[in-house]
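Hi there,

Here is the structure I promised to pass on.

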Amino acid sequence: MKLHLRIWRQKNANGAGRLVDYDLDGVSPDSSFLEMLDLLNEQVTLQGEEPIAFDHDCREGICGTCSLMINGVAHGQNREQVKAVTACQLHMRHFKDGETIVVEPWRAQAFPVIKDLVVDRSAFDRIIQAGGYISVSTGSAPDANAIPISKKDADVAMDAAACIGCGACVAACPNASAMLFTAAKVSQLSYLPQGQTERDQRVADMVAQMDAELFGSCTNHGECEAVCPKEISLDFIARMNADLIKATLKGVSPGKNVNTNGKK
Ligand code: SF4
Ligand code: FES
């Protein structure tokens with residue numbers, strides 16, 4: 001395949017970025033999107049230019065680092081027959097020979113660009129640090145059939161735990177809201193008995209941290225669910241909001257785990 005690529009290049013966090021045009025030949029339709037970028041980087045390096053910086057790690061749809069906006073869609077999915085994939089799992093056979101492909105970083109105030117296609121997603125880490133843990137001792141791993149959790153609750157908790165923290169939900173949302181991510185991380189614990197001890201404080205702290213990181217508010221567009229590679233449901237947002245109301249009515253307010261970092 002021959003491709004015309006328009007890639008966001010930005011020297012550093014403070015530099016002004018711009019789309020740079022590249023022509024690339026010899027792309028296998030069976031290669032992944034990241035392998036195509038590897039090929040482009042070989043070409044760019046041989047031409048004496050600095051390679052294009054992009055985030056990646058597992059290349060198996062697990063780690064959530066491959067944050068790319070491809071032709072205006074997070075992870076480049078929602079094309080014909082392409083849904084629920086990360087950019088690393090997207091294959092070039094879903095593009096046309098000769099196609100122009102625009103590649104940009106996530107766009108959100110809370111995810112500042114570090115370089116080229118790499119953004120700083122440490123805001124997500126701070127939301128997890130604010131409450132995404134349990135303090136009860138659970139001992140060593142018991143037999144699965146000895147755990148007193150209903151199958152339904154275990155399944156829903158697992159659905160929430162499937163979130164890989166990629167940030168596509170934020171990038172796709174017109175408000176750059178992190179509600180789907182935060183709701184998944186709150187819910188994966190709130191459905192389980194081990195997660196009950198901190199349930200109220202957790203939701204108060206994690207939502208306060210999310211606000212402090214300057215993510216936008218949820219206005220029910222549903223773009224987050226549409227692009228989520230792990231198909232996290234909007235239902236988790238409704239459940240998190242219900243939990244937050246209950247915690248607030250009990251008089252629980254954000255505590256010392258919230259790190260406003262001078263932002264708010
Ligand atoms: S909710 Fe989905 S889109 Fe958002 S961070 Fe988790 S996996 Fe990525
Ligand atoms: S590189 Fe790990 S999910 Fe894509």
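**Notes on the sheet, a helix pair and the ligand**

Strand β3 (residues 69-70) pairs with strand β5 (residues 100-104) in the antiparallel sense, over 2 bridges. Pairing here means that DSSP finds at least two bridges between two strands, with strands (E, at least two residues) and helices (H or I, at least four) taken as DSSP runs numbered from the N terminus. In this pair, M69 stands opposite E104 of β5.

Before going on: this is a predicted model, where local features need pLDDT of at least 70 and side-chain atom pairs count only at pLDDT 80 or more, while totals for chains, interfaces and linings use all residues. Residues are numbered from 1 along each chain as its sequence is written, chains are lettered from A and ligands numbered from 1 in the order in which they are written, and side-chain values use heavy atoms, leaving out hydrogens and water.

The open sheet has 5 strands in the order β2-β1-β5-β3-β4, with mixed pairing. Its edge strands, each pairing on one side only, are β2 (18-24) and β4 (73-74).

How is the shell around ligand 1 made up by class? It has 11 nonpolar residues (Ala, Val, Leu, Ile, Met, Phe, Trp, Tyr, Cys or Pro), 2 polar and no charged ones (Asp, Glu, Lys or Arg), where polar covers the others, Gly among them. In total 13 residues surround ligand 1 (a heavy atom within 4 Å), the closest being C163, C166, G167, C169 and C228. Helices α4 (168-172) and α5 (179-190) each supply at least two residues of this shell.

Happy to chat about any of this!
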